[in-house]
Amino acid sequence: MAARGFLLAGAVVLMGAAAPPPGAASCSGCHGAANPDGIPPIAGRPVADLAAALNGFRDGSRKATLMDRLAKGFTPAELQAIAAWWSEQP
Amino acid sequence: MKTTRRAVIGGVLAMPAVARAQSAARVVVVGGGFGGASAARALRRVAPRVEVTLVEPNATFFACPFSNEVIAGLRDMAAQQFGYAHMAAAGIRVIPAAATAIDAEARRVTVSDGRTLDYDRLILSPGVDFAWGALPGYTEAAAATMPHAWKAGPQTLLLRDRLAALPEGGLVVMSAPANPYRCPPGPYERASLIAHYLKTHKPRAKLILLDSKDAFSKQRLFQNAWKALYPGVLEWVSLSSGGKVIEVDAAAGTVKTDFETYKPDLANIIPPQRAGAIAAAAGVADRTGWCPIDPVTFESRLRPNIHVIGDAAIAGGMPKSAFAANAQAKACAQAVADLLDHAIPAEPRLINTCYSLAAPDYGFSVAGVYRPANGVLTDIEGAGGTSALDAPVETRAQEARYAESWFKTITAEAFG
């Protein structure tokens, strides 16, 4: 995604970071730093791993407590975009 | 979405922030709970050039999630306390005062120390206030003897201490309100953990949960847990069984329904609620007491340039939860940043996740995914729902651990 800086009506407006795709901003409510026995971190993990997990939750092939219920609210393309964005987060 | 997000929607004359010769746009956030604290920090992340001011009178925030564990003697209150010390490091100016007036036309907030704050956009996250007197007899004074503990803090400790002082074989009565109210499954988690306390420490004592509803969040999960864990300890009285409390008398210590007058040793009254008072003062609350919003930007339907998030908002299918407030805060911050850039905000997708504990090692959850449809945030069909009814005890234990993990993460994101 392009850097969020552009020229508009004579004013330079600098945005902080690439805007997350729909739904991605919610994830950090649960997925933060690692903590023992806790919800796993997702930031910076390989996009293939994240996409495989999300698609597995969506189609039921991967065991879940809760993520199966959330992944079903997205199309595979939307899950791919979420995986790609999170893989690039620090 | 990228193209629409970048679309220019106004001429330079319609751009107050830009018209001030590139001076930074100003956003004021009112309310430092899960919604407001998250919004202020999210805005600094997505739009570092925007000046963000957070207006919050309390130096300490007491988190409601997990406060039921405090009441049941399972958790120290210190674990619920958060402050605003990290806000300055994130570039947020904190005004330790209450917002007393909002002039939507002048785009100005007046705070309790007399200062005024001008804004380009305002994010209002005022939480709930109690509709004192809506339940006859339940006044602010009555809460000193019949605690609500529905805003965490001294009330939480009062209920904890009163529970600990309950006589052997004593009776606790709880009253749960009609919808909508903060934290839909909260009364049932509280009833569970109070029952856990009674079972552990006061084996002959009993809890009666009087309800103004016939159905509630995670109902079958709670009822299955009660049957397994607290038989003979916890009795739920539904609306149609006469559970609606119609009057309380704090001096006499009585709680009245249409059919019975209870005189418990301890009454916990969760009163009817509405949006925090500043919402009505700003003109963004409607006749219901809550705030109608645009589901893409969270901008008020009633006043321009004021965005409402969290418990105060009418968020369609989204419940009034800490997770929802945090998710809305991030979506709203992005929309506000876009609007300040004169770009059209992309349609958000929102998520809610909410854990409840029926016992310290017995957790379950409800989840939902939402999108704007027909002007409101609407549940996406086929997604969301509650934990499996037949899940094994290991899953319940894992969800209890995940609840704790969620609390650590969300409070770190909101408060730093």
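Guide: R108(B) and D118(B) form a salt bridge, with their closest N and O atoms 2.7 Å apart. A salt bridge here is a side-chain nitrogen of Lys or Arg within 4 Å of a carboxyl oxygen of Asp or Glu. R108(B) lies in strand β7 (residues 108-111) of chain B and D118(B) in strand β8 (residues 116-118), so the pair ties together parts 10 residues apart in sequence. Helices (H or I, at least four residues) and strands (E, at least two) are DSSP runs, numbered from the N terminus. This is a predicted model: local features need pLDDT of at least 70, side-chain atom pairs count only at pLDDT 80 or more, and totals for chains, interfaces and linings use all residues. Side-chain values use heavy atoms, without hydrogens and water; residues are numbered from 1 along each chain as its sequence is written, and chains are lettered from A and ligands numbered from 1 in the order written.

Now for accessibility. R108(B) is partly exposed, at 34% relative accessible area. D118(B) is partly exposed too, at 32%. Buried means under 20% relative accessible area, exposed over 50%, and partly exposed in between (1.4 Å probe, protein chains only).

Now take another pair. K330(B) and E413(B) meet in a salt bridge at 2.9 Å, N to O. K330(B) sits in helix α10 (residues 322-340) of chain B and E413(B) in helix α11 (residues 393-415), 83 residues apart. K330(B) is buried, at 7%. E413(B) is buried as well, at 15%. Over all chains, the count comes to 16 salt bridges.
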